[in-house]
Amino acid sequence: MIGLTVNPVTGGSVITPKGFQATGVHAGIRKVRKDLGMIYCEVPASCAAVYTQSRFQAAPLRVTQQSIAVAHKLQAIVINSGNANACTGVQGEEDAYEMRSLTAKHCGIEDHLVAVASTGVIGEVLPMEKIRMGITQLMPARSVEKVDSFYEAILTTDLVTKRACYQTVIDGKTVTVGGAAKGSGMIHPNMATMLAFVTTDAVIESDVLQKALSSITNHTFNQITVDGETSTNDMVIVMASGLAGNESLHEAHADWPHFYEALREVCESLAKQIAKDGEGATKLIEVNVEGAVSPKDAQIAAKKVVGSALVKTAVYGEDANWGRIIGALGHSDIVLNPATIDIYIGEFCVLKQSEPQVFSEEAAARYLAGDTIVIYVDLHTGTAKGTAWGCDLSYDYVKINASYRT
């Protein structure tokens, strides 16, 4: 945003903000890769969270919600991959509470200061003997090696780790926001559909942080889609240590826009990284819609286009088939005038006022051969704008998900 001083931190991570440590170990839930991780804060931190709106919320989400409800503070998050602990009944909930209790005891803190997250296969009970032993091995620290092990421990089918870090100045103090995320499949957010963990050293109360996170989520994590599937497990958690030493932040604070933008930048960066790393994906797709009657309509239209299987396959095939974009818009639940649509694929105007335009198919195909594809749509029905991110749909998506449990 113009006038805001918010800068990316080269090499920054989820432990760059003051007070945070992390680690990851191989507990044996998965065959080889690290599969159990922790973020730890030196002090009880203000916190906020958003959760999947799937009606089959996994046990760790219910435990985390109960933890936060006690005092709106967190000091540790324990995360396992390889097993979602979802649809596992009473046993699954007991196991999630045991993970919380064991982590609290290991860290020397109260149970309600621990959040629990799990990701992986649905419908299998946790291998608790392995998890019990793994938790005793979690020794968080502020080091590159430790944080890298954490990033690895939370992955499932991801090909790359997702990290972001930005800094700004609040009351003359440097304030940092860092983030980590996992997600490449079952990505079609409805109040957050993946795991994301954001840390900051800003001084801010939990209710203020919650309002900011909920607002930002609607324009970042909720605007990505890989495959149209909403997961049972996923959530975004933000922890604020308060160790930066600024005056407590609120919407009327003079530097509030700087903090909000830093938090937004981290969330948007993580969201785009998730979209780009979609299972089997070869390209990131960004859809920008303008001229809508409302921001909601603009967001719906952008997400409808980027989520269309036919648009995704056209991009994968490097085919500038704008008819698939029109098709997606045509059955979206928005106000539009079928006679006033403009569409650009990159710099190529393919439709103007709903009239086909002459363009070079060969040049457009060369553009579509790139790894980031931007589609612009102007509805000409209003002034609102919206953006969504996704990825192409390749043969490998089917291969990966056909053999996910094996």
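**Residue V266**

V266 is found in helix α6 (residues 256–276); helices are DSSP runs of H or I with at least four residues, strands are runs of E with at least two, and both are numbered from the N terminus. The model is predicted, so local features need pLDDT of at least 70 and side-chain atom pairs pLDDT 80 or more, whereas totals for chains, interfaces and linings use all residues. Residues are numbered from 1 along each chain as its sequence is written, and side-chain values use heavy atoms, without hydrogens and water.

With a relative accessible area of 0%, V266 is buried (buried is under 20%, exposed over 50%, partly exposed in between; 1.4 Å probe, protein chains only). Leaving aside neighbours within four places in sequence, V266 is in contact with A164, C165, Y166, V177, G178, G179 and V198 (heavy atoms within 4.5 Å).

**Salt bridges**

The count of salt bridges comes to 11, each being a side-chain nitrogen of Lys or Arg within 4 Å of a carboxyl oxygen of Asp or Glu. In helix α6, R264 and E268 lie 4 residues apart, about one turn of the helix, and their side chains meet in a salt bridge (2.4 Å, N to O). Salt bridges that share partners join E261, R264, E265 and E268 into one network. E268 is buried, at 18% relative accessible area.

R62 forms a salt bridge with E93, with the closest N and O atoms 2.8 Å apart. R62 lies in helix α1 (residues 59–71) and E93 in helix α2, so the pair ties together parts 31 residues apart in sequence. R62 is partly exposed at 35%, as is E93 at 26%.
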